[in-house]
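Have a look at it, then read on.

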Amino acid sequence: MTAMLTRCITRLTVPQKKYTFVANDRYLHEDMFWDNHTTLTTLHNWIELSAAGRGYIQVPDRELYDLGEPYTVPIDRRTDGPAYMMTVFHQLHCLVGFILTCPCHETNNRQSYLAEHLQQGFSGIELTKEVAHHTAHCFDYIRQGIMCNADTSLEGSTEAGPGWGSEHVCKDYDAVLEWANKHGAMAWRNELLPTEATLSS
């Protein structure tokens with residue numbers, strides 16, 4: 001069982017599934033950037049894309065495997081313990097981070113790392129070291145993730161637009177979520193997050 005667990009983490013040996021890439025307004029749409037409320041309401045839908053434990057996975061007998069040092073995260077409401085983050089959920093976190101950050105202390109506004117970074121160049125706004133670090137980290141992390149997976153599907157011209165309508169052989173994302181929820185740390189999504197989009201501007 002432990003060997004299977006390690007293979008799943010390091011090689012992501014999950015079933016494959018064919019997907020046709022299409023636009024999905026539930027997660028991103030052009031109108032979501034017009035106002036803060038619409039942005040937050042749309043981004044609330046991304047919660048379901050991540051594992052209940054935010055992608056942190058517990059590994060039994062971790063000392064037997066070359067996994068490096070684990071993070072320390074809540075295992076339940078009373079206990080912290082070792083866990084590892086699955087890359088796919090880290091990548092999703094970075095994508096959301098480009099659109100949304102935590103409220104700033106000065107203005108209590110939510111704004112993307114990308115927007116804050118661009119403002120430094122075009123508006124002369126001072127960029128904090130934390131935002132600069134997180135922006136650079138996430139861009140390079142996503143770049144390496146794309147190159148690592150190197151999807152070589154051939155895309156043709158379609159009425160839906162560039163990239164849409166093409167078929168890809170992917171890891172079965174439902175299977176990934178099921179596995180991550182089974183082996184995850186504390187289920188924050190189920191215990192602490194609302195089921196409705198209650199985020200406000």
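## The sheet

S3 and S4 make a hairpin, with five residues between them. Helices (H or I, at least four residues) and strands (E, at least two) are DSSP runs, numbered from the N terminus. This is a predicted model, where local features need pLDDT of at least 70, side-chain atom pairs count only at pLDDT 80 or more, and totals for chains, interfaces and linings use all residues. Residues are numbered from 1 along each chain as its sequence is written, and side-chain values use heavy atoms, with hydrogens and water left out.

Two strands count as paired if DSSP finds at least two bridges between them. Threonine 72 has proline 82 in S4 as its bridge partner.

Tyrosine 56 sits opposite methionine 85 in S4.

## Aromatic pairs

Rings of Phe, Tyr and Trp (its six-membered ring) pair if their centres lie within 6.5 Å; planes under 30 degrees apart count as stacked, over 60 as edge-to-face and the rest as tilted. By this rule there are two aromatic pairs.

| Pair | Centre to centre | Angle between planes | Kind |
|---|---|---|---|
| Tyrosine 56 and tyrosine 71 | 5.7 Å | 80° | edge-to-face |
| Phenylalanine 89 and tyrosine 173 | 6.5 Å | 65° | edge-to-face |

Tyrosine 56 is in strand S2 and tyrosine 71 in strand S3, so their pair ties together parts 15 residues apart in sequence. The other pair links phenylalanine 89 in helix H3 with tyrosine 173 in helix H6 (residues 173-183), 84 residues apart.

Buried means under 20% relative accessible area, exposed over 50%, and partly exposed in between (1.4 Å probe, protein chains only). Tyrosine 56 is buried at 16%, while tyrosine 71 is partly exposed at 47%. Phenylalanine 89 is buried at 3%.

## The disulfide

A search of the whole structure turns up one disulfide, meaning a pair of cysteine sulfur atoms within 2.5 Å. Cysteine 94 and cysteine 138 are the partners, with an S to S distance of 2.2 Å. Cysteine 94 lies in helix H3 (residues 87-99) and cysteine 138 in helix H5 (residues 129-149), so the bond ties together parts 44 residues apart in sequence. The torsion about the S-S bond is about -70°, so the disulfide is left-handed.

Buried or exposed? Cysteine 94 is buried, with a relative accessible area of 0%, and cysteine 138 is buried at 0% too.
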